[in-house]
Every structure is written in C-alpha cells, then in structure tokens.
Amino acid sequence: MSVSVALVYPDLLGTYGDGGNATVLAQRLRWRGYECEVASFGAGDAVPSSCDIYVVGGGEDLPQSLAARKLAESRALHRAVDKGAVVLAICAGLQVLGESFVGPDGRTSAGLGLLGCTTTRVPGARAVGEIVVEPDPAWAALGLESCTGFENHGGVTRLAEGTVPVGKVSVGVGNADGTLEGAVRGRVWGTYLHGPVLARNPTLADLLLTWVVGGLAPLDDSRPEALHRERLRNGPSERAAGVAQVQRAVRTAGAALERLARVGTGRRRPGAS
Amino acid sequence: MLAVDPRALAHLAQGRQVMLVSGTNGKTTTTKLLARATAAATGTEVVTNLQGANLTTGLAAALAAGPLGAPAVLEVDEAWLGHVLPELRPAALVLLNLSRDQLDRNNEVRHVAQRWRRACEKLDGRAVVVANADDPLVAWAALAAPSVVWVGAGLGWKNDATGCPACAGPVSFGEGGDWKCDGCGLARPSLDMWLEGEGAEVCAVAGGRLGGPARYVLDLALPGRCNEANAATVLAVVLESGWAGAPALAAMRQVDEVAGRYARAEHAGTRARLLLAKNPAGWAEVFDMVGTSGGPVVVAINARTADGHDPSWLWDVPFEGLAGRRVVATGERCLDLSVRLHYAGVDHAVERDLLAALAAAAPGEVDVVANYTALHQLLAVLGTGPGRRRPRGGGG
C-alpha cells in the first residue's frame with residue numbers, strides 16, 4: 001500500500017518546524033514497509049484533494065489569512081475530508097480549520113468550518129512555553145499517552161458544543177485558560193502543540209496512522225520515547241520558570257512606570273539623578 | 001546605569017562616528033570585520049562590543065569603556081534596533097538578513113521586519129543604510145530609508161522570504177539572488193556591491209553608487225560563502241565612507257576567529273573546529289563549511305533564553321545530509337536532536353556531556369557545531385575564548 005502525505009502551504013504556514021510532522025509520518029510508515037510519498041504544495045500550487053494525509057502547520061498572521069482565503073476558495077481540504085482523509089492542523093492551522101478566527105487587523109475572518117471551534121485573540125501576553133496535555137478518554141482508549149509540546153500563540157479557542165478536545169491541559173494554557181487543548185472532528189485533528197507534535201508524541205503519530213492503514217506493527221521507539229519521558233519530566237518546571245520570568249519582567253516594567261510617573265509629577269526619589 | 005539615565009546611550013554616542021550591524025546571522029562576525037577595517041582605515045582605536053552583548057546595557061557598557069570620540073562599531077540585537085537607533089544616530093547601519101530565530105521571544109520574523117522598516121523611515125539623510133538586497137525582508141525594510149547601498153549578500157535559507165513582506169504574495173527567486181514578488185511587483189533593488197567567482201578567486205565587486213566597477217580579491221581566513229558576503233558588506237561601508245578598500249581588506253584577512261567561532265581546540269585526541277549555528281539559516285551556512293569533509297560531527301543543542309526555548313527549528317534543518325558520518329548529539333536538548341536525527345536516518349551516539357561527546361567523536365579532526373549557549377559552555381569547558389561570560393541576548 002502506498003500512502004500520500006501533503007504538506008499544505010509550508011511557505012505560508014511553516015514557521016515553527018511543523019513540516020517535521022510529515023517527515024515523522026512518512027518514516028513511521030516506511031519503517032513498517034509501506035510506501036509513502038510526501039509532497040509540498042506552496043501558495044502558488046493547487047492543493048489536490050486526493051491525498052491520504054494533510055499536514056497544516058503554524059504560521060504568522062498575514063500568511064495565515066492568505067492561507068485561509070486560498071483554502072476556502074479551492075475547497076480542496078473540504079473535498080479531501082469528505083473522502084476520509086486525515087488532517088493534522090497545528091496552531092494557526094487549527095485556527096484556520098475552525099469556524100472563524102480574528103485576523104491581524106482585528107477583523108473576524110471565516111475559517112474552513114472543518115473543526116467546531118472559534119478563535120479570538122488573547123488580550124495581553126501570548127501563551128508561550130512547554131505544554132502538557134492529558135488525553136481525552138476517547139483518545140486514551142485508542143492508546144494516546146500524555147502529549148507534550150511547545151505552545152506559542154495569541155489565540156483563545158472555544159469549542160462548539162459536542163466538539164471533542166485533544167485533552168485537558170495539565171501544564172500551560174492551551175485553547176484558553178489552562179483547561180482544554182485542541183479540537184477534533186472525525187479525522188481532523190487540531191492542536192496548538194509544536195515540537196513538532198508527532199516527533200514529541202509517537203503515540204499520536206500512530207493514532208493518526210491507524211486511521212489510514214489500520215493496525216500497525218510495533219517500532220523501535222527508544223529514541224522518541226526517551227524524549228517523551230524527558231519532556232514530561234522537565235517541561236513543567238521549564239514552563240514555571242518561563243512564567244516567573246514574565247512576572248519579573250512585568251514587575252520591572254511596573255517599577256519603571258512608577259519611576260516615570262514620579263519624574264512626571266516632579267517627585268524624585270532621593271539620590272536618583 | 002540606564003535606570004538612572006535613559007538617555008545614557010545618546011550621551012555616550014555623542015561626538016562619535018557610530019556604525020551599527022544588525023540581522024539574524026553574522027552580526028558578531030561582521031562587527032569584528034567592520035571594527036578591524038575601520039581601525040585600519042582611520043588609524044584610530046575603535047569602540048566595539050565583541051562579546052555579542054548586543055542589548056541596550058551591552059551597548060552602553062561598550063561605549064562607556066571606550067575612549068571619548070573614538071569611532072564605534074556595534075552589533076545590535078535585531079529586535080532592539082528600533083529602540084536604540086534614535087539614541088545612537090549612526091552614520092552607517094548594516095542590515096544583514098532576517099530569518100526565524102528565537103521564535104518564543106521574537107514571535108514572528110515579519111514583525112521584526114516591520115519594526116526595522118519603521119526605524120528606517122525615521123532615519124535622516126546623513127545615515128546610510130548598507131543592506132542585503134538578496135533578502136526580501138531586509139530589502140523591504142531598507143527601502144524606507146533615505147539613503148541605501150545595496151549589497152548582493154546572498155540568501156542561503158529562503159523559507160522565511162517566500163511570502164512578500166509587503167503584500168504576502170508569492171516571491172519568486174531567479175538566478176544569482178534575483179527575486180520579485182508576483183503580487184505587488186516588489187523586486188530586488190539594483191546592486192552596488194556583489195560577489196563573483198569561486199574558491200580562492202572570489203572577488204567583491206563594487207559598482208553602482210560605489211563607482212567602479214572595482215574588483216577586490218577577498219582571500220579571507222574565515223571559511224564559507226556567508227563570510228565572503230559579510231566581508232563584501234563591510235567593504236561597501238568602507239567605500240561609502242570614502243576610505244580606501246585595500247588596507248581595510250588587509251585588516252579583514254587577519255581575522256581567523258570570532259568570539260570562539262571558527263576557533264580550534266584539542267580534547268581527548270580530537271582536534272575540534274568550533275562552529276556556531278543557531279537557526280536553520282545558520283545551518284545552511286554551516287553545511288557550506290562542513291559539507292564535504294566526511295569527518296565526524298558533534299552537534300550541541302541547548303534551549304536556554306538566548307537560544308530560544310523552543311528547539312522545533314531543528315526540523316527545518318536538512319540533517320539528512322549528515323548520514324554516513326560519525327555523528328554525536330550533545331547539549332541540554334540532545335534528546336530533541338536525537339529524535340530529529342533518528343527520523344533523518346542519521347545513525348548517531350548521544351552524550352549529554354559536552355566533553356564526553358568530543359571524546360566519543362575521537363580521534364582526529366572533528367567539526368563541532370553548537371548553538372549559542374552550547375558554544376559558550378564548550379568554550380568554557382575547553383578553556384578557550386570568552387566562554388565564561390554569561391551570554392545575554394544572543395550575538396549573531
């Protein structure tokens with residue numbers, strides 16, 4: 001059996017190494033004796049609707065809007081999903097595949113409606129750092145273990161009634177405030193996790209692959225499993241240290257504003273010049 | 001110091017000729033080349049921040065330590081450039097390149113390009129910008145400046161520039177660094193300095209607003225096409241300043257090490273050449289330097305603040321090219337690297353400890369490629385260069 005993997009607009013949505021997800025899927029298939037072809041489709045190419053798996057990455061604001069417009073016009077992903085294709089959409093990709101998202105100009109753009117979620121913008125700081133997600137029971141039953149990744153986004157994603165998340169956030173922010181992460185509908189899997197997520201979480205890679213080829217032979221996963229264990233061990237304290245760093249920066253900025261205010265009102269601290 | 005007097009930079013810069021270097025990659029090397037060239041051209045001492053201390057406090061410290069009135073050549077963190085330009089009022093501003101780096105801090109490379117463009121808009125006519133015309137993000141930012149010298153410095157990593165910075169339309173790349181946006185027509189400006197030839201024959205050629213054409217054989221001690229481009233960029237600054245090219249070039253040829261990069265060190269039977277690569281664009285340059293030797297390679301990866309906390313960028317590096325060589329993964333994030341190498345089909349050993357990794361690569365000549373804080377740790381444990389300083393900001 002030959003499996004085709006499409007990397008969708010890596011030139012628009014390829015900022016955070018998410019193209020690596022396609023590499024992981026392809027290698028895990030090849031090591032099990034399947035043929036696998038990975039093809040990249042850039043902003044100037046027509047995205048076909050005939051591939052088995054689609055990988056949509058994270059990206060920056062302006063290219064994200066452009067990618068959403070192009071995919072809405074061509075409806076290539078809609079047709080592929082109708083045919084049963086698996087889609088993995090990361091970060092900006094998750095937002096684009098939802099019902100709507102807020103663009104760089106603050107205006108709400110229509111998404112592709114392939115996931116039951118809407119995304120608005122975070123007032124204030126971005127969510128940046130290590131994240132750990134405990135899988136929803138639906139996915140745990142299929143063998144998905146705790147997922148680790150790196151989140152870096154300014155979106156607040158709310159799930160429509162009945163939309164299943166990837167799981168519950170145990171470290172980090174995820175969709176909104178540290179409760180749920182990601183959105184899944186049918187074989188369309190949306191998540192905020194970079195890393196790339198499939199490099200960090202081999203059980204997620206295999207869950208998606210079973211949707212394409214059925215049962216899978218075991219692999220020697222000693223390298224990916226070593227990373228998975230190490231990230232589960234060290235990710236939480238790294239996130240806590242990152243949050244402490246931001247809090248320090250906010251305190252420093254607050255102190256600077258206070259100093260400026262004193263200068264503005266002519267009240268100077270003794271000794272300051 | 002800056003908490004007491006926010007205008008300290010402006011006071012310290014007053015009465016000096018200030019030249020600034022910024023960009024994602026090559027800042028520290030280009031700053032050293034420009035400092036040496038300026039010293040040779042002017043016959044005076046030059047103030048510079050050679051340790052890659054390129055945030056505001058590092059700039060102030062460098063200026064405060066140098067003699068009054070001496071010319072200053074300073075590298076500036078790309079995210080901070082807009083903040084310090086009004087204070088430093090440079091005579092020359094070198095803009096090298098922009099690509100993904102430390103995304104957890106800079107978020108989006110396009111935002112950096114936008115900040116650069118706004119900073120360029122505010123420059124007055126006495127400041128000349130020397131910009132890499134081959135990088136669409138840099139060119140778009142520099143086009144807002146009143147006076148620009150355009151250098152064809154090349155662009156080894158194009159994946160951050162395939163969407164037009166002005167309109168997000170598709171950018172097509174042609175022969176020899178040429179590019180054009182199919183959407184709005186933004187295109188590479190015509191060059192005033194470019195590179196010609198290969199190997200020992202490589203020349204920087206001055207033309208356009210630099211007069212000429214005049215050819216300068218580079219013959220550098222530093223390796224790689226990226227450093228030839230850095231030297232050509234410095235030569236453009238030299239000629240634009242009205243200085244002679246030959247003595248400046250002679251001074252640049254003497255540079256064979258930059259803050260530990262390109263330095264050689266011996267440990268446990270290995271003779272190591274130390275190289276810095278902290279993002280995919282940097283790795284494109286490193287493959288140009290180590291590509292064909294076939295010898296062992298040690299790769300050291302950390303993910304501290306100065307490196308960026310997210311090492312996902314490893315997946316944008318074509319490590320498949322290392323297959324068949326002896327490869328050792330090391331550094332605090334050696335397991336992330338190991339998984340990347342695993343999926344790239346590169347057989348490798350994992351040694352978290354840096355010295356153990358060097359020993360595992362023994363014997364013989366080894367290329368050690370490290371990202372920012374990993375290189376500093378290596379220099380410290382090898383007792384070479386400036387590694388004991390705690391890095392801040394992440395010099396390029």
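1. Let's start with a term: two residues are in contact if their C-beta atoms, placed from the backbone, lie within 7 Å. Keep in mind that this is a predicted model, where local features need pLDDT of at least 70, side-chain atom pairs count only at pLDDT 80 or more, and totals for chains, interfaces and linings use all residues. Residues are numbered from 1 along each chain as its sequence is written, while chains are lettered from A and ligands numbered from 1 in the order in which they are written.

2. Now look at where the two chains meet. Chain A brings 35 residues to the contact and chain B brings 25 residues. On the side of chain A that touches chain B, the elements giving two or more residues are α1 (20-30), α2 (61-74), β8 (127-135), β9 (147-153) and α8 (222-264) of chain A. Helices (H or I, at least four residues) and strands (E, at least two) are DSSP runs, numbered from the N terminus. With 7 residues, α8(A) has the largest share of that side.

3. What classes of residue make up the side of chain A that touches chain B? There are 15 nonpolar, 14 polar and 6 charged residues. Here Ala, Val, Leu, Ile, Met, Phe, Trp, Tyr, Cys and Pro count as nonpolar, Asp, Glu, Lys and Arg as charged, and the others, Gly among them, as polar.

4. Chain A as a whole has 8 helices and 14 strands. Of its 273 residues, 50% are buried (20 or more other C-beta atoms, placed from the backbone, lie within 10 Å of the residue's own). Among contacts in chain A between residues at least 6 apart in sequence, 72% link residues at least 24 apart.

5. Finally, find helix α11 (residues 334-343) of chain B, which is mostly covered, with 10 of its 10 residues buried. Among them are Cys334(B), Asp336(B), Arg340(B) and Tyr343(B). After α11(B) comes Gly345(B), with a positive phi near 75 degrees.

Conventions
A residue is buried if 20 or more other C-beta atoms lie within 10 Å of its own, exposed if 12 or fewer, and partly exposed in between; C-beta atoms are placed from the backbone.
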